[in-house]
Amino acid sequence: MAGTVFESPFWGGLLCGLSKFYLKIIGWRRVGSLADIPRCVMIAAPHTSNWDAPIALAMAFAFRFKAHWLVKHTAFRWPFRGVMRWLGAIPIDRTKSTDVVTQMVEELKKRAELVLLIAPEGTRKKVTRWKTGFYHIACGAGVPLVLAFLDYARKEGGLGPILRPTGDFEADMAEILGFYATVTGRHPEKTGIVEIRSQ
C-alpha cells in the first residue's frame, strides 16, 4: 500500500515484525486479508474505546497496508504535521464549500492507491445512528467497502467481508450491520441498535 515506510523492505519489515509481536503478547489474533485492492473505504467498527486506535494501528502495520484517516486541517501544525501525515492523516478543510464526501470522492479518484479508514459511529459514546458518509464516498468513487473490525470477546481483529455498494442503500446497510452485529467492542454497553437512514 501507499506510504514510503510501508514500501521500504527494512522499515516496513521492522514495523510489521514489531506489530505482530505486540499483538501476540496482548493475545490478539489477525484474521482476513486485503487482497489486491489498491483503493477502498474501510469501515472501522465498533468504536467504543481509546484502545481501538493502537490495536488498529498495529493491525495495519502487521498487514502492511497504510490506512488513511480524516483530521481537521487545523490540527496539521508544527511539530505534529509530519508525524500525522506519516501515520496516514488526511487534512479536511470544513471551511470549503465542498463537503467531506465530495472531497474524499475526489481524493480517491485522483490517487492510484488509497485505503480510507472511517469509524461511522464518529465517537466512542453510545450512538443509535451511524454517519453514512463512508457509504456515499464509496459509491461516488466507485470503490469497494472493506469491513474491518476489532472483536474484544474473541480477541480477533482484521478484515472481514468486502462489499461492493449496489446503490441500494438499505439492502447494503442491512448486510453491513448484520456483520457487525456479531462483533463485540471493548465496551459492549456502548453499542446500540443502529437505525438505517441515508442521511
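The names of strands and helices come from DSSP runs numbered from the N terminus, where a helix (H or I) has at least four residues and a strand (E) at least two. Lys155 has a positive phi of about 55 degrees, although it is not a glycine. For comparison, most residues other than glycine have a negative phi, and most peptide bonds are trans. Lys155 is partly exposed, with a relative accessible area of 33%. Here buried means under 20% relative accessible area, exposed means over 50%, and partly exposed is in between, all with a 1.4 Å probe and protein chains only.

A word about the model itself. It is predicted, so local features need pLDDT of at least 70 and side-chain atom pairs count only at pLDDT 80 or more, while totals for chains, interfaces and linings use all residues. Residues are numbered from 1 along each chain as its sequence is written, and side-chain values use heavy atoms, with hydrogens and water left out.

Strand S7 covers residues 145-151 and pairs with S8 in the antiparallel sense over six bridges. Two strands count as paired if DSSP finds at least two bridges between them. In this pair, Leu145 stands opposite Leu163 in S8. Strands of a sheet pair through backbone hydrogen bonds, either parallel or antiparallel.

Step back and you can find the whole sheet. It is an open sheet of seven strands with mixed pairing, in the order S1-S8-S7-S2-S5-S3-S4. S1 and S4 stand at the edges with a single partner strand each, so one side of each is left without a neighbour in the sheet. From one strand to the next, the twist averages 30 degrees; such angles run from 0 to 180 degrees between N-to-C directions, with axes fitted as lines to C-alpha atoms (for helices, over the stretch in contact).

Towards the S4 end of that order, some of the pairing is parallel. Strand S3 (residues 67-72) pairs with strand S5 (residues 114-118) in the parallel sense over two bridges, and Ala67 has Val115 as its bridge partner in S5. S3 is also joined to strand S4 (residues 89-92) by four bridges, again running parallel. There, Leu70 has Ile90 as its bridge partner.

Next come the charged side chains. How many salt bridges does a search of the whole structure find? The search finds five, a salt bridge being a side-chain nitrogen of Lys or Arg within 4 Å of a carboxyl oxygen of Asp or Glu. One of them joins Glu156 and Arg29, at 2.3 Å from N to O. Glu156 lies in strand S8 (residues 156-163) and Arg29 in strand S1 (residues 29-31), so the pair ties together parts that are 127 residues apart in sequence. Glu156 is buried at 14% relative accessible area, whereas Arg29 is partly exposed at 46%.

Another salt bridge joins Asp151 and Arg154, at 2.9 Å from N to O. Asp151 is buried, with a relative accessible area of 1%, and Arg154 is partly exposed at 46%. Together, Arg29, Asp151, Arg154 and Glu156 are linked in a network of salt bridges. Elsewhere, Glu107 forms a salt bridge with Arg111, with their closest N and O atoms 2.8 Å apart.

Let us finish with the loops and a helix. Trp28 lies in the loop between H2 and S1 and is buried, with a relative accessible area of 9%. Trp28 and Tyr152 are 124 residues apart in sequence, and their C-alpha atoms are 8.7 Å apart in space. In the loop between strand S2 (39-45) and H3 you can find Pro46. The peptide bond from Ala45 to Pro46 is cis, with omega near -10 degrees.

Helix H3 (residues 52-63) has twelve residues and reaches 16 Å from its first C-alpha to its last, close to the 16 Å expected at 1.5 Å a residue; the expected span is 1.5 Å times one less than the number of residues. Its buried residues include Ile55, Met59 and Phe61. Just after H3, Arg64 takes a positive phi of about 65 degrees. Arg64 sits in the loop between H3 and S3 and is partly exposed, with a relative accessible area of 31%.
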